[in-house]
Every structure is written in structure tokens, then in C-alpha cells.
Amino acid sequence: MSKTVLVLGGDGFCGWPTSLHLSALGHEVVIVDNFVRRRIAEQLEAPSLTPIASIDERLNTWKDVSGHDIDIVELDIAQDYPELRRLLASVRPDAIVHFAEQRAAPYSMRDAAHKAYTVDNNINGTHNVLAAIAELGLDAHLIHLGTMGVYGYVGDGREIPEGYLDVTVDGPDGARHSRRILYPTKPGSIYHLTKSMDQLMFQFYAGNDRLPITDLHQGIVWGTQTEETRLEPALINRFDYDGDYGTVLNRFLMQAAAGRPLTVHGTGGQTRAFINIQDTVRCIALALDNPPAAGDPVRIINQVAETRRVRDLAELVSELTGAEIEYVDNPRSEAAENDLTVSNATLTGLGLEPILLRDELLTETVDIALRFIDRANLDTIPATALWSGQAEREVPQLQAPRFALR
């Protein structure tokens, strides 16, 4: 059944292919974005490796190849609550997909200004959406893209469940009481801290205002293209490779394409969860088709295909490209080694057959890195944001984004 869906942050790396995928499935899609990600890329002097068309060219091209319209609204949801409320009151969406958060852990740790920006943007934006839905009494399913990083990487080997932990509490009379609590978080950056705080806001509004909410705890996304973004060059998705926004795989691929060693932080024993971008959009569609009922607890789903150690990922890229591997100091405050076991029973139960890193689609990502290597600013690949408060003063300072629209 066709639904009206707002995609907040629909011009971004996950938001753009999701908008196209939902439109291709027959849903009425409205993108809401303030385009700050484009401005941050300019500020960092690290534009997308792939050439990104203007939003108007993107949407006109999609109309030409698919016959479907996608509307666009330029809006800063974190700073303009009245306009957000007016938009929701006018559109009255069946669902809202929320990607509109500053998504990079290194960027959030650059300095105090970037920490403040990340908290202001992410917390205000999420709360404004929740408050507006509740105030208007909308029957809208909120689907939020969270992160596996809220759990931290403590290395105890325990399987991380999908959001909740069953515990027993001793009462004063000696009785034992069963409780279900949010799985404890251990955020490793300000970005991850904001995602952890999102969980508490979701818990409150699901209980207090009976909002149906799905929180997708996603692993690191790899890959660039989806079925829809491959249709025309103007639809191509972002490829971020810099030390702030580039995922570890993209950084490795760019280093390999440039003939440089793959720089592994620390021992490379950090285990991370991964998922392909094509599976990201499929997971959003599955969540859209399977909403929780009003009054239900927040539905938390681990959006993960597999886990790998960083050094194993480097070895995989080295096998594909012939690049050498170099171990460097780790800028993050984290355990040198950890295990990570994750339950993804919900999505596989709904029929997801995930793409794995050794599948042939990894070759496409390598090809993109090689094809557009001349567009890269290779000086931006190394990570410069340091987790130590003392050290961060030595990091090149950038002005945090202004909140005003362009």
C-alpha cells in the first residue's frame, strides 16, 4: 500500500538512495534537508569522490527515468520548529524516516564547537520531530537511523540483543522482579552520545504519547550504489573518503587507488559491524512495512549483515588491490581489541538476505574509487580529530556550520 513518507536528510549518503528506493516502490516521498552536508564537504575541502548533481537535477532526472515525482523542502528541523510543525500539519505523513543528524564520530570530536554543533543539531532535531508529531496528534510511524556504536566496543563477547535486556531486580522484601530495560550504552564519541540520548527520547514519547517508533541500530555502511542510483549518472550516490566522514572501507579503497599503504589504527583489532548500502534501503522499506502499534515499546532492530576486525578488512582490500598495510597510532580512546557478536534476527526473519563484503559488489566500490581518483583530495584521508581533550587543541580548527539556511 502506498504511503506518504517524509525523508529527513534525504539528500545525504543514506537518505538519497532511500528516497529513490521508496519512490520506486510507489510511495509518495517528500525530502526535507538543509543541505548542510554539502557545505561541510566544501569546508573540509573533501567533496564527494563521485560528482553529485544539484538537488533539482537529481529530482528531475529521477522523474525522467522513473515517472515518479519527489518533492523537496529546504528546512533546518533543528532550528525552525514552527516551520517543521507547519510542514507536518500540511503533509500529514504516514511515516517519517529520520536521517537528519550529523553522522560522523571524528567530526563530532574535532573541538568544542563541533561537539556543541553535533549535540545541538542531533538532539534538537530529533526532539523537534517527536514534539511536533505529538502536538499535532499525527498517526505517523517514525523510523530513525541509529547506530551500533551506542553499545560501545567493550570486548566481552556477549551477543548484543536488539535493544533490550531482561534483568531481575531484588526487592526490599526479598522478592525478585523481572524488568526489561534498554541495553546499556557506552558511547565512544559525541556523535554516539547523541544517538544514545535519542533512545531515551524515543522511550519517553512511545510511552507518554503512544508514538509508533522504530530505531534501526545500523552498522558501518559500505558500498556506494543501489539499483536506483545506478540508473543515470546524475543519480549517483555520495562517496566520502576523508578522515571525518569516510568510512574505514572507503578510506582503505582510496589509499589503494592512490598507491598508498592502508593505514590501520592501533592493532586493527577493533571489531565493527557492516552492512551494504543496498541493504540499508531494503531495511528501511521492511521497517516501513512492519510498524509497531501505537503504545508499543520502541521497536529496536540491529541493522547489521556481518562483523569484521579492521585488520581483517584491510587484508581483504589488500587481497583485492595489492596494497600494503601500515599500522599507525589510534586517535580514538577505545580498547585495542574487542569481540562483537550481534543479533540481527528481526531483519533476517523479515526476509533480508544481506550482501556480504566478499560478494562481487565490493568490486564496484573498488571501480568507483579508481574511476574518480582524480577528483580526490588525498590530503584529507588521514584522521586528524583526536579523542584526547589535550590533543584536540593541536588539531586544525574548523568553524562549526552555521545554522542559517543558505
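Select Asp-279 to begin: with a relative accessibility of 0%, this residue counts as buried, a word used for residues under 20% relative accessible area, while exposed means over 50% and partly exposed lies in between (1.4 Å probe, protein chains only). The model in your viewer is predicted, so local features need pLDDT of at least 70 and side-chain atom pairs count only at pLDDT 80 or more, whereas totals for chains, interfaces and linings use all residues. Residues are numbered from 1 along each chain as its sequence is written, and side-chain values use heavy atoms, with hydrogens and water left out.

Now widen the selection to residues 277-289, which form helix α9, the element that holds Asp-279; helices (H or I, at least four residues) and strands (E, at least two) are DSSP runs numbered from the N terminus.

What else does Asp-279 touch, not counting residues up to four places away in sequence? Select Leu-352, Glu-353, Pro-354 and Ile-355, which are the residues it touches under that condition, where contact means heavy atoms within 4.5 Å.

Next, go to Phe-35, in the loop between β2 (28-33) and α2 (36-44). Phe-35 is not a glycine, yet it has a positive phi of about 60°, and at 3% relative accessibility it counts as buried.

From there, move to Arg-92, in the loop between α4 (81-91) and β4 (95-98). Its phi is also positive, near 45°, in a residue other than glycine, but Arg-92 is partly exposed, with a relative accessible area of 44%.

Finally, select the whole protein, which has 12 helices and 16 strands, and whose C-alpha atoms fill a box of roughly 60 × 60 × 45 Å along the principal axes. Of its 406 residues, 56% are buried. Among contacts between residues at least 6 apart in sequence, 82% join residues at least 24 apart.
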